[in-house]
Amino acid sequence: MMGIVMAIEPRYDADAGTPQARRALHEQNRLSWNEATKAHNSHKADQAKYFREGGNKLYPEETELLGDLSGKSVVHLQCNAGQDTLSIKQLGAAKVLGVDISDEAIDFAWKLSADSGVEARFVRSDVYDWLAEAARGNERWDIAFCSYGAIIWLSDLKTWAKGISAILKPDGRFVTVEFHPIEMMFEVDFSHRYPYSTHGTPVTWEDGIGDYVAEFGAVDMPYEWQDGVQGFKNRHAAHEFAWATSEVITALVDAGLALEHFREYDYCNAPIFKEMKDLGDGRWTVPDGKPAIPFMYSIVARKPRQN
Ligand SMILES: C[S@@+](CC[C@H](N)C(=O)[O-])C[C@H]1O[C@@H](n2cnc3c(N)ncnc32)[C@H](O)[C@@H]1O
């Protein structure tokens, strides 16, 4: 399964040896995400109504880790089409900003905010460019957040973690809930197929990001389902990066953040594999008789008061 891209077999030979080469991969991912995001949203009817009526798409795991957001500023990195950004605002954050590389995602997010009346701002940018510019402009945030399928798109964990550290206020926090890299080693039938980490080597899928929203169907969908785009094929390849949990944590700690929380979950809050066992409360795990694996992990890392 390796993340969220549908393909026969990935390649491991794309050049990521320089910042320029990595930027070129990000730009290809931008094109692939533009197409996939349009297909994904085509299946979700009247999302504005859901948020206008107070909808909140966040799962209990991230809601608990985000904590009391009143008076807080939150930057949501790799926010896609803004649904979770608006949900963070619904939780009571004073100010929310979503950042994403995809033009389609950010255009959709601005419109969703306007149509729903849930106030948020969005910036279309490579996360690396936004972090650098925000640091240069002395922007400081209470919380930097990303989740579910964000970290696999990062080509350079050290620069990312330093960027996050630079834009947090003293005592500010980085919060994430992510798909676990062990889960990503397996195909949807639980056969072991992919490496745990590629240590920065890109994993290239020639057929790009798939329409996983159509594949999952109406299960786990808080909006009304509509058929939308049928038989989606992405014209643009995508490049992922498989990072070990230790590599993510080490990058954050080396950037000066203090690890406050790390948890692995032997359930997933979406039925991403075949024949998963329904635990109730929107949680799924391995079928009976299969050994458990971690499906998700979460991290909270705090910027020291004095830095
Ligand atoms: C699986 S989605 C994350 C969805 C997220 N959990 C949410 O709130 O809906 C991954 C996102 O990362 C974005 N992305 C990938 N590479 C990026 C980059 N270099 N800079 C900024 N965004 C990037 C993609 O455009 C996509 O929207």
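What share of the contacts in the protein with a separation of 6 or more comes from residues 24 or more positions apart? The share is 79%. The model is a predicted one, and its secondary structure comes to nine helices and 13 strands. With a radius of gyration of 18 Å, close to the 19 Å that the globule rule gives for 307 residues, the protein is as compact as a globular protein of that length.

**Overall dimensions and surface**

- Taken along the principal axes, the box filled by the C-alpha atoms is roughly 50 × 45 × 40 Å.
- Buried residues make up 57% of the 307 residues of the protein.
- Among the side chains, 32 are positive and 46 are negative. The centres of these two sets lie 6 Å apart.

**Nonpolar cores**

- In soluble globular proteins, nonpolar side chains tend to be buried together.
- The largest nonpolar core has 53 residues. The members that touch the most other members are Leu-66, Val-74, Ile-88, Phe-273, Met-276 and Phe-295.
- Another core, of 36 residues, lies apart from the largest one. Its residues include Leu-97, Trp-130, Trp-141 and Leu-168.

- Pro-271 is placed in the loop between strand S10 (258–265) and strand S11 (277–280).
- The relative accessibility of Pro-271 is 21%, so this residue counts as partly exposed; the cut-off for buried is under 20%.
- Neighbours within four places in sequence aside, the contacts of Pro-271 are Phe-216, Val-219, Asp-220, Met-276 and Trp-284. One of these, Met-276, is also among the residues that touch the most other members of the largest nonpolar core.
- Val-188 is 83 residues from Pro-271 in sequence, and their C-alpha atoms are 10.0 Å apart in space.

**Positive phi outside glycine**

- Asn-138 is a residue other than glycine with a positive phi, near 55°. Its place is the loop between helix H6 (127–136) and strand S5 (141–147).
- Asn-138 has 57% relative accessibility and therefore counts as exposed, the cut-off being over 50%.
- Phe-190, also not a glycine, has a positive phi near 70°. Phe-190 lies in the loop between strand S6 (168–179) and strand S7 (203–205).
- Whereas Asn-138 counts as exposed, Phe-190 is buried, with a relative accessible area of 11%.

**Gly-55**

- The loop between helix H2 (47–52) and helix H3 (60–66) holds Gly-55.
- Gly-55 has a relative accessible area of 9% and is therefore buried.
- Residues up to four places away in sequence are not counted here: Gly-55 touches Tyr-50 and Gln-90.
- From Gly-55 to Gln-83 the separation is 28 residues in sequence and 9.6 Å in space, C-alpha to C-alpha.

**Two threonines in helices**

- Thr-63 is part of helix H3, and at 27% relative accessibility Thr-63 counts as partly exposed.
- Beyond its neighbours within four places in sequence, Thr-63 makes contact with Leu-58 and Leu-91.
- Thr-159 belongs to helix H7 (residues 157–167). Its relative accessibility of 41% makes Thr-159 partly exposed.
- Thr-159 is 96 residues from Ala-255 in sequence and 8.7 Å from Ala-255 in space, C-alpha to C-alpha.

Key. Residues numbered from 1 in each chain as written. Predicted model: local features only at pLDDT ≥ 70, side-chain atom pairs only at ≥ 80, totals over all residues. Heavy atoms only, no water. Core = buried A, V, L, I, M, F, W, Y, C linked by side-chain atoms within 4.5 Å. Buried < 20%, exposed > 50% of the residue type's maximum accessible area, 1.4 Å probe, protein only. Helix = DSSP H or I, 4+ residues; strand = E, 2+ residues; numbered from the N terminus. Rg over C-alpha atoms; globule rule 2.2 N^0.38 Å. Contact = heavy atoms within 4.5 Å. Lys, Arg positive; Asp, Glu negative; His and termini not counted. Charge placed at Lys NZ, Arg CZ, Asp CG, Glu CD.
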